[in-house]
Amino acid sequence: MGKKRKRSEKAEAVAVPKKDDAAPERPVRTLLGWKDKNETEVKDNEDSHSPVFRNKEKVLVTCSRRIIYRYRHLMLNLVSLLPHCKKDNKVESKETKGATLNELVELKNCSSCLFFECRKAKDLYLWMAKCPNGPSVKFLVSAVHTMEELKLTGNHLKGSRPLLTFSTNFEKDAHWKLLKEMLLQIFETPKDHRKAKPFHDHVFVFSIVDDHIWFRNYQISVPHNESDKLPRGGLDKMTLIEVGPRFCLNPIKIFGGSFGGPTLYENPFYVSPNQIRALQKKKKAGKFAKKVKAKTRRKMHEMSNPLEPDEFADMWKD
Amino acid sequence: MELPMVNGDTMKDDETEYLSEEISPSESGSDEDVKLSEPSKKAVNNRDALLDKLGDISWPENVEWRHKLSIDIDQEQEVDVNDDLARELAFYTQALEGTRQAFEKLQSMGLPFLRPSDYYAEMVKADSHMEKVKGRLLDEKRKMEEAEERRKAREAKRLSKEIQAQKMKERAKQKKEDIESVKKWRKQRQQSGFADNGNDAGKVLDFEDGKVFERSKKKRPGVSPGDRSGGKAKQAFGKGKKQMKRDSKFGFGGKKGLKKQNTADTTNDFGGFSKKGADAGNKKRKR
């Protein structure tokens, strides 16, 4: 009893001066409210979890102007998968990074942003950023299959909270850990969100293969009668049906700030699609020159080694 | 996943652009992606700053699992990116394993997590879309079934041809035997000098099988030998044979008035009067 009192007294003593310090200057705003307030709260309730943790994640989803149909459908699919997102109008392609987007996010009162940038009507880049200070990542998106494909036959509740699965590769390096945390926060619907539906009937898969992040979305179908208990053999009879969009993310760079800032990580294996195309063109470019060279070479060779006159050359001459 | 740490942990604000060196012409088979054959030397990897940022953004440690709902699954073996089936299988098993663990946790928490069958709410794909999906699946099934049926029909036809050939042979054989046995019997009778005529029913034709001579049970309609359709063709205007017979007996109905008067063609027509009096039984039959 005595020990407990002492502890709380200490905490209070610590808390009070801190609050005084914090009052004049504007404290840093993070997910849990003001940063130092959060720290004191955590110290106060050491035995139980912080009661005020509320996931107030809001994602702003936008795209650039010249986006093509396939990527637009992908964006719309993601919008339907994330009930905690806000879809906004297209943004101009110039000056998209930096100020404009950050302002937009602030305006809409969102805490993160998914920005789909389509270049040359061929390549899709996805920017994933935590605003206002958070890190941001630029991905190259490939292998896109949208939900409208008839081969993906599953379906699930719109707005139900997904289960997320990450492969353990995400723990292998610092940048993967950061990416995992960002993916978790952006893709997981907040627990008490207005539009969230109660049951869990789909699962997201994020897995790292060949240094790319692969995304899959499956519907869980398990024969059951009651909604909070699985039948006897339920777990064995569970099947997964693929629902949702499929895509593959190739991280290019991680920045310290939102849509800018110091580069924290670069993917050393990344080759931009422009360079790939240039390379392919180069391979084809030399064809004609090579042909001409081969011709001249043949001529030289013929000149240097003349043939002997043919015996039968005059046979058919008149 | 070892990256060359050229810049080291000490440099924080390094913004060198990476140079793409030695892009090998051997491109990997994956979609539009080419990896550098050796990692670029100047790539930044600032692990400390990354972990710092991670600390900044992450949720507090003691957040309930219910907020996160995330499971980490161990990926057993390296999956080859280009092998589609193996890759998808790996993802599937990861999802399955994750769901199992998650469901166990949820069940132990005692919260409802399975959707009841009567819970109707907006789904992520519209009903019209699901109709299309269903249509496509049914189409596929039907195509497969049709292919199966066609194959079976071909087989059956082949088989039935063989069977038919056999049957024909048998029938021919049977016929031959019957004729043979009749001939034999005749000979026998001849030899025994037509002794018992109608007296003894015991010497009736003795068939080899001991079967009594009986008409084939198959109903074969009375076919005329010139009728190549086997009696099954329908006559003009769809009238059956019955109707035709009745017609020939009772006339065609309709106006009776001028039926018995001669017309231009029938004046000199003496075809009906024949010496032999054919079909004398049916006087009323119109010629």
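The model is predicted. Chain A has 318 residues, of which 48% count as buried, and its secondary structure consists of seven helices and 13 strands.

**Chain A overall**

- Among the contacts in chain A with a separation of 6 or more, 68% are between residues 24 or more positions apart.
- The accessible surface of chain A is about 17,400 Å². Carbon and sulfur atoms hold 53% of that surface.

**Nonpolar cores**

- In soluble globular proteins, nonpolar side chains tend to be buried together.
- The largest nonpolar core has 53 residues. The members that touch the most other members are A:L114, A:F116, A:M128, A:F187, A:F206 and A:I213.
- Helix α5 of chain A, residues 174-187, gives the most to this core, contributing nine residues.
- Another core, of 26 residues, lies apart from the largest one. Its members include A:V203 and A:L240 from chain A, and B:A102 and B:F103 from chain B.
- Leaving out residues up to four places away in sequence, A:M128 touches A:C113, A:L114, A:P135, A:S136, A:V137, A:F139, A:M182, A:L183, A:I186 and A:F187.

**Aromatic pairs and a charge over a ring**

- Over all chains, the count of aromatic pairs is 15.
- The ring centres of A:W127 and A:F259 are 5.7 Å apart. Their planes meet at 45°, so this pair is tilted.
- A:W127 belongs to strand β6 (residues 123-130) of chain A, and A:F259 to the loop between β12 (246-257) and β13 (260-266) of chain A. The pair therefore ties together parts that are 132 residues apart in sequence.
- A:W127 has a relative accessible area of 5%, and it is buried because the cut-off is under 20%. A:F259 also counts as buried, at 5% relative accessibility.
- A:F187 and A:F204 form an edge-to-face pair, with 6.1 Å from centre to centre and 85° between the planes.
- A:F187 lies in helix α5 of chain A, while A:F204 lies in strand β9 (residues 202-209) of chain A, so this pair ties together parts that are 17 residues apart in sequence. Both A:F187 and A:F204 are buried.
- One aromatic cluster is formed by A:F166, A:F170, A:W176, A:F187, A:F204, A:F206, A:F215 and A:F247.
- The charged end of A:K138 sits over the ring of A:Y125, at 4.4 Å from the ring centre.

**A buried glycine in a loop**

- A:G159 is located in the loop between β7 (136-145) and β8 (163-167) of chain A.
- With a relative accessible area of 5%, A:G159 is buried.
- Not counting residues up to four places away in sequence, A:G159 touches A:P83, A:K195, A:A196 and A:K197.
- The C-alpha atoms of A:G159 and A:P83 are 5.4 Å apart, although 76 residues separate the two in sequence.

**Helix α4 of chain B**

- Helix α4 of chain B spans residues 127-191 and has 65 residues.
- From first C-alpha to last, α4(B) reaches 91 Å, close to the 96 Å expected at 1.5 Å a residue.
- Buried residues in α4(B) are B:H129, B:V133, B:S181 and B:R189.

Note on methods. Residues numbered from 1 in each chain as written. Chains lettered and ligands numbered in written order. Predicted model: local features only at pLDDT ≥ 70, side-chain atom pairs only at ≥ 80, totals over all residues. Heavy atoms only, no water. Helix = DSSP H or I, 4+ residues; strand = E, 2+ residues; numbered from the N terminus. Buried < 20%, exposed > 50% of the residue type's maximum accessible area, 1.4 Å probe, protein only. Contact = heavy atoms within 4.5 Å. Areas by Shrake-Rupley, 256 points an atom, 1.4 Å probe, with all protein chains shown as cover. Expected span 1.5 Å × (residues − 1). Core = buried A, V, L, I, M, F, W, Y, C linked by side-chain atoms within 4.5 Å. Phe/Tyr/Trp six-rings, centres within 6.5 Å; stacked < 30°, edge-to-face > 60°. Lys NZ or Arg CZ within 6 Å of the ring centre and 35° of its normal.
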